Amino acid sequence: MGNRQADIDFTFQRPATVRGLLEVLTPAGWCAEENPGHISYMVNDADDMHEWYDSTPDRLDAVLTELDAKANLPYTVALNIYHPQGGTGGMLMFSAQRREVSFLPTINRRRIPDAPQFTDLAWYLHALVPSLLWAGLEGYEAREDPND
C-alpha cells in the first residue's frame, strides 16, 4: 500500500478560532486529548519553524489561548484532535488570518474497507462538516493524492 496524502480544506465566512472550532466539534465526539493525558499542538513562528509542543488536558485553556493569541495571527497554528468513538483523529491546521483551516487525518487514519489504499474521506466529512456549519463554514475541498 503506497503512502498517500489526504486532507480536507475548509473555508470559513469569517476568521475561525481554535477554541471556537473545538467547542463546536466537542459535542460531535471530537476532543483535543489524542492520547490519555496528552495534547499536541503547533505554532509556526517568524523563523518559519513549525514547533510542536506537548501538553496535558489541564492546560487546554492556556493552549487554546496561546493558539488564538493576536500575536499568532500571522502564523500557522495547529491542534491535534481525536474522535475516541471513531478511533481516529488528525491535525486541525489554521492558516494565517484563520479563514482557511485544513484537517489532515494523521492519527489511525480510517481507510475504505474495499480499497484500503484510500482514506475514508466521507467518514471524516460526515464527522466534521455538520458541526463546522455552526462556526460559519463556507465550503470545503477534500482530496487524496499519492506522495511524490
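## Helix 1 meets helix 3

Helix 1 and helix 3 are roughly perpendicular to each other (that label covers angles of 65 to 115 degrees; under 35 is roughly parallel, over 145 roughly antiparallel, and the rest oblique). Helix 1 spans residues 18-25 and helix 3 spans residues 121-133. Their axes come within 8 Å and cross at roughly 115°. Axes here are lines fitted to C-alpha atoms, for helices over the stretch in contact, and angles run from 0 to 180 degrees between N-to-C directions.

Which residues make the contact? Helix 1 supplies Leu21, Val24 and Leu25, while helix 3 supplies Leu128, Ser131 and Leu132. Contact means heavy atoms within 4.5 Å. By class, this contact of helix 1 with helix 3 has 5 nonpolar residues, 1 polar residue and no charged ones. Ala, Val, Leu, Ile, Met, Phe, Trp, Tyr, Cys and Pro count as nonpolar; Asp, Glu, Lys and Arg count as charged; the others, Gly among them, count as polar.

## About the model

This is a predicted model, in which local features need pLDDT of at least 70, side-chain atom pairs count only at pLDDT 80 or more, and totals for chains, interfaces and linings use all residues. Residues are numbered from 1 along each chain as its sequence is written, and side-chain values use heavy atoms, with hydrogens and water left out. Helices (H or I, at least four residues) and strands (E, at least two) are DSSP runs, numbered from the N terminus.

## Helix 1 meets helix 2

Helix 1 also packs with helix 2, at an angle of about 130° and with the axes 8 Å apart. That makes helix 1 oblique to helix 2. Val18, Arg19 and Leu22 of helix 1 meet Leu60, Asp61, Leu64, Thr65 and Leu67 of helix 2. By class, this contact of helix 1 with helix 2 has 5 nonpolar, 1 polar and 2 charged residues.

## The buried side of helix 1

Which residues of helix 1 are buried? They are Val18, Leu21, Leu22 and Leu25. They cover an arc of only 100° around the axis, which puts them on the same side of helix 1. The arc is that of the directions from the helix axis to the C-beta atoms. Buried means under 20% relative accessible area, exposed means over 50%, and partly exposed lies in between (1.4 Å probe, protein chains only).

The buried residues of helix 1 pack against strand 1 (4-12), helix 2 (60-67), strand 4 (77-83), strand 5 (88-94), strand 6 (100-107) and helix 3.

## Residues in loops

Asn44 sits in the loop between strand 2 (39-43) and strand 3 (51-55). Is Asn44 buried or exposed? Asn44 is buried, with a relative accessible area of 7%. Asn44 touches Met49, His50, Tyr75 and Thr76, not counting residues up to four places away in sequence.

Most residues other than glycine have a negative phi. Gln97 is not a glycine, yet its phi is positive, about 75°. Gln97 lies in the loop between strand 5 and strand 6 and is partly exposed, at 48% relative accessible area. Asn108 is not a glycine either, and has a positive phi of about 45°. Asn108 is in the loop between strand 6 and strand 7 (111-112). Asn108 counts as exposed, at 51% relative accessibility.

## A residue of helix 3

His126 lies in helix 3. His126 is exposed, with a relative accessible area of 64%. His126 and Ile112 are 14 residues apart in sequence and 14 Å apart in space, C-alpha to C-alpha.
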